[in-house]
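Biologist: Can you put the model up? I'd like to go through some helices and a sheet.

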Amino acid sequence: MILLIWTGVSVAFARAGDIIDGRALFQGTRPFSAGIAATDRHLPAAFAGCANCHGRDGAGKTEGGMSAPAIGKVSLESLRGPLAPYRSKDAVLAAIEAGIGRGGDPLGSLMPRYTLSADEREALFSYLARVGTPADLPPGVSADALRLGLLLPLSGPHAKQGQAVADGITRVITATNHAGGIHGRRIELIARDTAMGERAALNSLVRQDIYAIVGGMWDATDDALEQRLAEARIPVVASLVVRQDARPTNRWISDLMASRTAQKKLLEATLLSCQTNGPRWMLQMGKDAIRGDAGVVEVTDDRVRQLPAPEADGCLGYDLSNLGVVKSEVTEHWRRRIVLPFPAAVLSDASGDIWTLLGAASARIAMEALSAAGASLHETSLIEVLPQIAGFEPIRGAPVEFSVGRANAWDAGILALDPEDNSESRNMGPWAAAKKED
């Protein structure tokens with residue numbers, strides 16, 4: 001509970017939850033309960049937040065020749081030229097809801113008139129006493145610490161991968177803290193095991209007051225889980241989720257690796273350019289087979305397994321899920337093209353197994369984004385700043401390719417294996433070792 005003083009008069013005890021909710025409404029990270037009817041101008045949720053016009057710190061902003069004044073507590077309770085200050089909670093809320101300004105004068109027409117619920121009135125008023133002050137920080141952030149979450153399978157059938165990812169992330173965070181943290185803040189980690197159920201693990205993590213999730217592994221088709229992330233206003237930096245289709249820029253979630261569709265398109269193009277007089281086959285990667293008239297025929301692994309040793313050469317393409325299914329007789333004669341959800345340069349890093357490397361890459365991206373975002377953070381800062389770190393290499397030779405319209409870091413890559421060099425284990429490095437132990 002926080003005592004609010006307005007022009008020397010005790011007006012309310014604000015609950016911490018009011019300030020958190022008020023910040024979300026002010027900053028535009030949560031819609032008002034009335035939706036587009038919350039403003040007389042029927043603004044969409046993304047534009048209804050006070051910060052759009054008055055600035056994230058409430059200090060006012062000029063844009064397009066139009067100026068919006070400062071609206072923090074100190075500004076509202078101070079004289080503005082000849083105009084009197086706002087002297088009460090009711091006066092402040094009258095300005096927000098009815099457009100009644102200082103001294104009873106009407107506010108300009110550009111100031112929306114809001115329709116607020118009782119809870120929203122309390123929340124916004126409570127937050128105005130904090131906006132722009134040193135205490136005005138997103139959840140999970142304090143003056144000297146920043147809390148990140150891990151959402152990974154740490155037990156059960158996928159525990160080995162999840163623990164390796166966590167190890168890679170932890171190593172990077174430990175090194176960062178030894179170097180002084182980011183902008184003077186120590187990075188803290190809180191992990192939750194998705195083996196308890198992915199949604200239950202996320203809900204548990206949300207209750208820990210975290211700023212963001214780094215890495216992360218969950219079912220890419222679980223829209224409800226990702227909606228819960230958005231509702232909790234928790235950004236995800238470089239998740240290890242491999243989606244069917246690449247998502248456009250997303251306000252809350254960014255991914256590390258290329259989508260399955262992007263991998264499939266790259267593999268098809270690569271097979272079409274493969275030098276062979278024989279067939280060009282691609283092991284099935286999804287529900288939709290590529291038409292044979294494209295020059296590449298998509299086949300099932302059963303068909304490849306049952307083939308006798310071919311007399312002619314050919315080109316065979318497949319993804320990481322199909323490692324080890326191709327008969328050795330085929331690989332003696334055929335050229336192989338293995339598509340990767342990351343650049344082939346990742347395989348040249350021999351500093352750990354592939355899952356540890358991917359975890360470390362996610363953490364390095366998060367640290368670079370935090371550094372670029374600066375000391376003054378907003379809930380969406382980490383996602384917004386990602387285009388600014390394009391070209392950063394979390395692993396040597398594998399730069400991130402974030403942009404304003406792109407939410408995943410890496411393009412797909414190709415590993416080419418020809419008959420004279422056909423050993424998966426020699427060429428796949430740490431990934432082959434990981435697959436053998438799965």
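This is a predicted model: local features need pLDDT of at least 70, side-chain atom pairs count only at pLDDT 80 or more; totals for chains, interfaces and linings use all residues.

Biologist: Which residues of helix H9 are buried?
Modeller: In H9, residues 223–231, they are Leu225, Glu226 and Leu229. Buried means under 20% relative accessible area, with a 1.4 Å probe and protein chains only. Helices here are DSSP runs of H or I, at least four residues, and strands are runs of E, at least two, numbered from the N terminus.

Biologist: What do those buried residues pack against?
Modeller: Helix H8 (198–206), plus strands E7 (212–214), E8 (236–239) and E9 (253–255). Contact means heavy atoms within 4.5 Å.

Biologist: What follows H9?
Modeller: Arginine 233, with a positive phi near 60°.

Biologist: New topic. Glutamine 263: buried or exposed?
Modeller: Buried, at 5% relative accessibility. Glutamine 263 sits in helix H10, residues 260–272. Beyond neighbours within four places in sequence, its contacts include Val242, Met285 and Asp319.

Biologist: And the sheet, what is the strand order?
Modeller: E11-E10-E12-E13-E14, an open sheet of 5 strands with mixed pairing. Two strands pair if DSSP finds at least two bridges between them. The edge strands are E11 (297–299) and E14 (413–417), each pairing on one side only.

Biologist: How do E10 and E12 pair?
Modeller: Parallel, over 3 bridges. Arginine 280 has cysteine 315 in E12 as its bridge partner.

Technical notes. Residues are numbered from 1 along each chain as its sequence is written. Side-chain values use heavy atoms; hydrogens and water are left out. Buried means under 20% relative accessible area, exposed over 50%, partly exposed in between (1.4 Å probe, protein chains only).
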